[in-house]
Amino acid sequence: MNNRTTPTPTPTPAPADLLLTGARVHTVDPALPEAEAMAVRDGRIVWLGAAADAAAWTGPGTRVLDAGGRLVLPGFVDAHNHVRLGSDDACVQLAGARTLDEIHARVRAWHAAHPDAPWIEAEAFDYSAIPGGRMPTAADLDPATGTTPALVLSYDVHTAWLNTAALRALGADRDHTDLPFGRAVTDPATGEPTGFVKDFAVKGLSRDGHRALRSLGVPWASPDRQYGRLARSLDDAIRFGITTVVEPQNSLDDLALFARARAEGRLRSRIVAALFHPRGTTDADLDAFERAAAEHADDRFRVGPLKLYIDDVVEPRTAALLEPYAGCAHHRGETFYPPEEFAELLARLDARGFQCFVHATGDRGIRTVLDAVAHARVANGPRDARHQVVHVECLDPADTPRFAELGVVACMQPRHAAPDIAGPGQDWAENIGPDRWHKAWPLRDLRDAGAVLALSSDWNVAEMDPMVGIHAAVTRRPLAGGEPWTAGQTLTVAEAVEGYTMGSAYANFLEHERGSLTVGKLADFVVLSRDILRVAPEEIPGTVAEWVVVGGEVVAGTAAQ
C-alpha cells in the first residue's frame, strides 16, 4: 500500500478585473502597512502584495494600471463637506475681498454685467473686510447695489447681509425680525433691522427656510440653482480623490437632488447624507427620517445621521464661550438650547438609535454637547453611537479626555486653524483673545488622548482639496507660506491621512468597507502625483489625484480618459 500523499497544488487565483502594479501602496491598515500591487474583482480588493506576485492575477480581461512608483492611498472620506450647498457661479464671488471698497467694486462690476438681474446675490464675504471690527449693515451695501435687492452670504454661510431693498422684499422691519431664514439684528437706538441677519445656517438652510426664500423669489434658493451647485461640487469632489462625501445638513426635500445626480451620472463619489434636525422637529418628522434612512441605504447613497446645532460661530461672536469674548465684560454667546433641554433631546434621539452630528465651536458649546452625551449614556446605557462634535474650534483642556471616554468623534477641519483664516489679526483669534489661543483646534491633544479624529474640508467654507487640509494639519501655516500658529497641535502626514481616510470612515460606521486598502473592502483608492508622505510639507498643496478609482472603476484622472 502506497502511504505517500500527493501535495495539493496551490490554486491559481482567478483573474482580477483590475490590477494595479508599480505602486507604493500606503494601506492605512496596520496589518499590512504597505504593498506594491493590488488586485480588484467585482469592485472589491482581493489581493495586496509584492509586484513580483502580481502577474498571477492577470487574465485576458484584466485591466492593468502601472502606477509608475506613485503613492496610492485609500480614497479620501470627507467627513463634513457641503456639496449640496456648494459654491454658486451665478453669485458675485467675494472670496479674497479684504475691504469694503473691494466688495463694492466686485458687486458693481457684476451688476454692470447683469443690469436686468432681479437680485444681486453674493457669497463668501469675510467679516474682517468690514472696518472697525463691526458687523455689516444695509447702509454699507446700498451704495453698490442701488434699488436692486441684494443678498450676501458670509464665507461660513452662518450669516446673511441684506441691502435696504432686500429688507423690504423679504419683509424685515422693526416688527418682523424673527424671519423664516434667520434673525435680523436691530439697531439698539431705532429698533430697525440693520441689514445683518444671524442664524442663517440654522434657519435659512433648513427646509422651511429654503421654502420661504423660494416663495419670496430669491433665485439662489431655486431647485435648479441648488442642483447646479451640487453637480459642480460633486465633480470637484471626485477630481480631488474624495470617494466618499458626508453631506452634513439636508432636508427631506433635498434628497431628490441626489437622486437626480445619480440618474444623470454625476454621483461618482459615494454619499452619506445627514438630515437636519432644527428646533421644532417632531416625532412624525423623526419617523419620516427613519423611513428615508431605510429607503436610502446602499453603498452609493446612504441617509441616516442627524445634524443639530448647539451654538453658532466665533467671528460674529455667536459661539458659546465659558468666559466672555475678548474686550467684553459679559457677552459669552448663547446656546440654541438650555443645557438641560439639549441633554434630554440628545437622550431621546440616542434612544431611537440616531447618530448625531452636533455643530459646536465654542468651549461652552462643546462642553454642553459632551455633557448631553454623558447624560444619554446614563439614561440609555452605553452604546456604540459615535456621536460627533463637529468643528471643535475652541476646546477647554479639561474636556479633551472626555471625547475618548464617551466615544465621541471629533469631526474637525484643519484648514480652519491656519493663521490666514483664524490666526492673529483675524476675527477668530481677536475675538477669542491670546489667553485662549491654546484652545484652538487641538488636533494633537485630542489624538494623544485617544479621540478619533475625522478630518474634513467643510466646503464651501474652506477649500475642498484634501491636500490643503493635510498641509494645514501638518504645518498650521498659511497656504501661501509664513509663520505657524499654535504649532504644538500639528499632526504627522500619516496621521492626517488617517484622519481623512480611516478616521472619517470609522466616524460614519464605514470602517469595514472603506477607509483602508484591505482585502475584502471596496476598491476605492487614489493615485497621487506626489508622494506626500515623503516630500516637504510645503509641496503637499498642488499634489493632484492622477487616477481616482471607485469600486474598481477608474472614474477620474488621466487613466479615465
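Colleague: What are the ground rules for the model and its numbering?
Modeller: The model is predicted, so local features need pLDDT of at least 70, side-chain atom pairs count only at pLDDT 80 or more, and totals for chains, interfaces and linings use all residues. Residues are numbered from 1 along each chain as its sequence is written, and side-chain values use heavy atoms, without hydrogens and water.

Colleague: How do you know where empty space is left?
Modeller: Rolling a probe the size of a water molecule over the atoms shows it.

Colleague: What makes a set of points a pocket, and what makes one a cavity?
Modeller: The grid is 1 Å, over the protein atoms alone. In a cavity a 1.4 Å probe fits but cannot get out. A pocket is an open set with protein on both sides within 12 Å along at least five of seven lines.

Colleague: What is the volume of the largest pocket?
Modeller: About 640 Å³. A volume is the space filled by probe spheres set on the points, with grid points joined across faces, edges and corners.

Colleague: How does the lining of the largest pocket divide by class?
Modeller: Into 13 nonpolar, 8 polar and 10 charged residues. Nonpolar means Ala, Val, Leu, Ile, Met, Phe, Trp, Tyr, Cys and Pro; charged means Asp, Glu, Lys and Arg; the others, Gly among them, are polar.

Colleague: How many cavities of 30 Å³ or more does the structure hold?
Modeller: There are 4. Asp156, His158, His391, Asp458 and Val461 are the closest to its centre, out of 25 lining residues.

Colleague: What is known of the second largest cavity?
Modeller: Its volume is about 60 Å³. Its lining includes Arg84, Ser206, Arg207 and Asp253. By class, that lining has 1 nonpolar, 4 polar and 5 charged residues. H5 supplies the largest share, 3 residues.

Note on methods: Helix = DSSP H or I, 4+ residues; strand = E, 2+ residues; numbered from the N terminus.
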